[in-house]
Each structure stands twice: as C-alpha cells, then as structure tokens.
Amino acid sequence: MPTLLAIETSCDETSVAIVRNRQVLSSIVSSQIAVHQPYGGVVPEVASRQHVETVNWAIAQSLEQGQITWAEIDGIAATCAPGLVGALLIGLTAGKTLAMLYQKPFLGVHHLEGHIYASYLTDPSLQPPFLCLLVSGGHTSLIYVKECGYYEILGQTRDDAAGEAFDKVARMLNLGYPGGPVIDRLSQTGNAQAFALPEGQISLPTGGYHRYDTSFSGLKTAVLRLTQQFQQSEHPLPIPDIAASFQETVAKALTKRAVACALDYGLTTIAIGGGVAANSTLRQHLQAAAAKHSLRVLFPPLKFCTDNAAMIACAAAEHFQRGHTSPLTLGAQSRMAISDVMKLYDAA
Ligand code: KG4
Ligand code: ZN
C-alpha cells in the first residue's frame, strides 16, 4: 500500500494529511471559520490568502506529526476541483511544486471523490460497489460507486444542498455560520414534532413523486414563514423546536431516498460523506432504517465528515494503485461533474 501526502484547500479549511493503507498517519486541519464568521459565510479572496499563509506550515506539521520523511512518500495529491478556484489553486500549486521538487508522482483529486472514500477510514475493507449519500455544503447526491473513478448520480437535490439549507436556516434564526453544528446542538433540547414542515417531494409529470431527488427550498421557505409568524406575534421564537423540526425533516427526507435507492439497485452498503454526515439525527434515522432493511450504513469518523485532506489521500491512493497519475499541467476547476473524474488522470 502506498503512502500518500494530500493537500485540501477547496474552501475554508487548509488541510494536509498522510495516509497509508487506509490508516491516517497524520492529519492537520486548520479551519478558517473564525476568519469568515463576521461575514456570515466564506469570502473567496480571504480564503485564498489564508491558505497561502497556512499551507507551508500545515505541510511541515503533517510530516512532523507522522514522523515521515519525503523518502517515505510515494505520491503527492491535491484537490483540484470543484471548489473556489483561488483557494484550490493554492493547494494544487503547492502539491505540484512538491511533486516536481521531490520527483514524486502527482495526482489531482476531485473533492467529492474524497468525501466518498472518507468511509474507508471507518472500514478499511470496504470495496465498491456501494451507494454513497453525499451531503455537503454544496452537494446532495446519491452516487452509485461502481468502481474507483466510475460513478453514476442516481439522485440529487433540485435546488439547495442539505448543508446549504442548514446554513440558511441558521442565518434566519440568527445562529451564525456554519449552521449545521449549531442547529444540531440546539436540536438536542428541542421537540422535533413541534412543527410539521414540508419534506420537498419532486412531482413527476407522469404522476407520483421522484424516488431519489430532493428539494430543500420549500422547507427553507416554510421555516422563514414560521419565523416571521413568531416575530409578528407576542410569542418568543422557539429556536430549539424549530431547529429540531427542521433537522428531523431533512434527516427523514434523506433517509427515505437513500434506503429506497439502495434497495432498488440491490446495493447492501450505504456510505455517507460530507459535512452533513456529522448530523446526529441523520445518523440515527439512517441506522434505524438500515437495520430494518438489513442494509449496512457507514459514516466517516466525525472529524473526517467535514473537509479534510485524509479523505483526499484515500481517494488518491485508490487511483495511485491503479496506475493513474495527473499531468503537472493540471489546472483548478470550480465545477466538475463526478462522472468526469477519469479526465484528471493519464493511465499508466
Ligand atoms: O463537506 P463540507 O465540510 O464542505 C463542503 O464540501 O461543502 O460541509 C460543510 C457543510 C456546512 O453546510 C455545514 O453547515 C454542514 O456541512 N455541517 C452540518 C453538521 N456539521 C457540518 N450539517 C448538519 N449537522 C452537522 N452536525
Ligand atoms: Zn467538502
């Protein structure tokens, strides 16, 4: 099994990790959340500058924490798409430079492929095929993982991503950024049945509803209306009850679709990936539904749900073992479909 050093700078975490044999030898994650918090969201230029200032330190720390020398590193990987272009460029340029300097193979990695393989850190024996429920700040998809590099999107959101809905609802409730962790925490003391909120089904022209696609914009609007009603009344805003009811609705909607999709396609394992995989209610609902239908559900370790380089190294290791490497001319791309992942590599 190769030892890979990976760099992740696609959004607001500067992260460097070294992974061997699906085991994390070191993981450095420097979060920029505090820097962006006053703005209520990520400011791209500020993110790029923070990455520039932190990336060299994170690389040095990663080697030191893992007690690894450059001679022991078999390849260098960096996230190259999708994400904020300026932010991606920092990690990508650092990765390519190190590959040139130390004469190591280089691999560009698709950020979402990293989230898919974060579950390898929970179960190192996991192998495709399996279903991935990818729920992050920018994406909500049900992905059929056929083989490393070969993916089919079976379901997705028609509007907001799950994490985006958490962030927007948190903003409506004046809870700050990022919204997911604070809504999750407040939900623990709220009544999840306090408010009936719409699940956001997608109607089919032929009648009935789409089995796998979701929509969170209606749910978001329902929370906004509810909040406005309370603000216009004399009653205080029951924030924990609204948070718990919202979280329950999202968890139920995602669980129903993921389980239906796994059963329809005869996939026995569902691996969850992305920041929203940290959500406690989603974890409970998926585990209960999986037990009922004899499915296996895998979550990454909590610290590897949100953005990190260990998951990027896991994805890179899969490609490295198949002889895939990327040219040093590889550029950063803000958008890239997961089905285009193989465009990043030259076959051996
Ligand atoms: O995967 P990620 O770190 O970045 C992207 O690739 O987008 O996901 C970040 C998203 C944010 O929207 C954040 O609010 C959400 O994950 N998140 C959560 C939780 N922790 C993070 N959402 C719900 N519950 C959580 N515990
Ligand atoms: Zn992510």
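How do the residues of the lining of the largest pocket divide into nonpolar, polar and charged? They divide into 15 nonpolar, 15 polar and eight charged. Ala, Val, Leu, Ile, Met, Phe, Trp, Tyr, Cys and Pro count as nonpolar, Asp, Glu, Lys and Arg as charged, and the others, Gly among them, as polar.

This is a predicted model, in which local features need pLDDT of at least 70, side-chain atom pairs count only at pLDDT 80 or more, and totals for chains, interfaces and linings use all residues. Residues are numbered from 1 along each chain as its sequence is written, chains are lettered from A and ligands numbered from 1 in the order in which they are written, and side-chain values use heavy atoms, without hydrogens and water.

**Stop 1: the largest pocket**

Select Cys11, Ser136, Gly137, Gly138 and Asp167, which of the 38 lining residues lie nearest the centre of the largest pocket. A pocket here is an open set of points on a 1 Å grid over the protein atoms alone, where a 1.4 Å probe fits, with protein on both sides within 12 Å along at least five of seven lines; lining residues have an atom within 4 Å of a point. The volume is about 1000 Å³, taken as the space filled by probe spheres set on the points, which are joined across faces, edges and corners.

Next, colour α4 (111-117), α5 (162-172) and α6 (179-187), the elements that give two or more residues to this lining. The largest share, six residues, comes from α5. Helices are DSSP runs (H or I, at least four residues), as are strands (E, at least two), numbered from the N terminus.

Now colour domain 1 (3-119 + 305-344) and domain 2 (129-303): both give residues to the lining, so the largest pocket lies between them. The bounds come from an automatic or database domain assignment.

**Stop 2: the zinc ion**

Select ligand 2, a zinc ion, with its protein donors His111 (NE2), His115 (NE2) and Asp307 (OD), 2.0 to 2.1 Å away. Donors are N, O and S atoms within 2.8 Å of the metal (3.2 Å for Na, K and Ca); water is not among the atoms, so sites may look incomplete.

Histidine 111 sits in helix α4 and aspartate 307 in the loop between β10 (296-298) and α10 (309-321), 196 residues apart. Histidine 111 is buried, at 8% relative accessibility, and aspartate 307 is buried at 14%. Buried means under 20% relative accessible area, exposed over 50%, partly exposed in between (1.4 Å probe, protein chains only).
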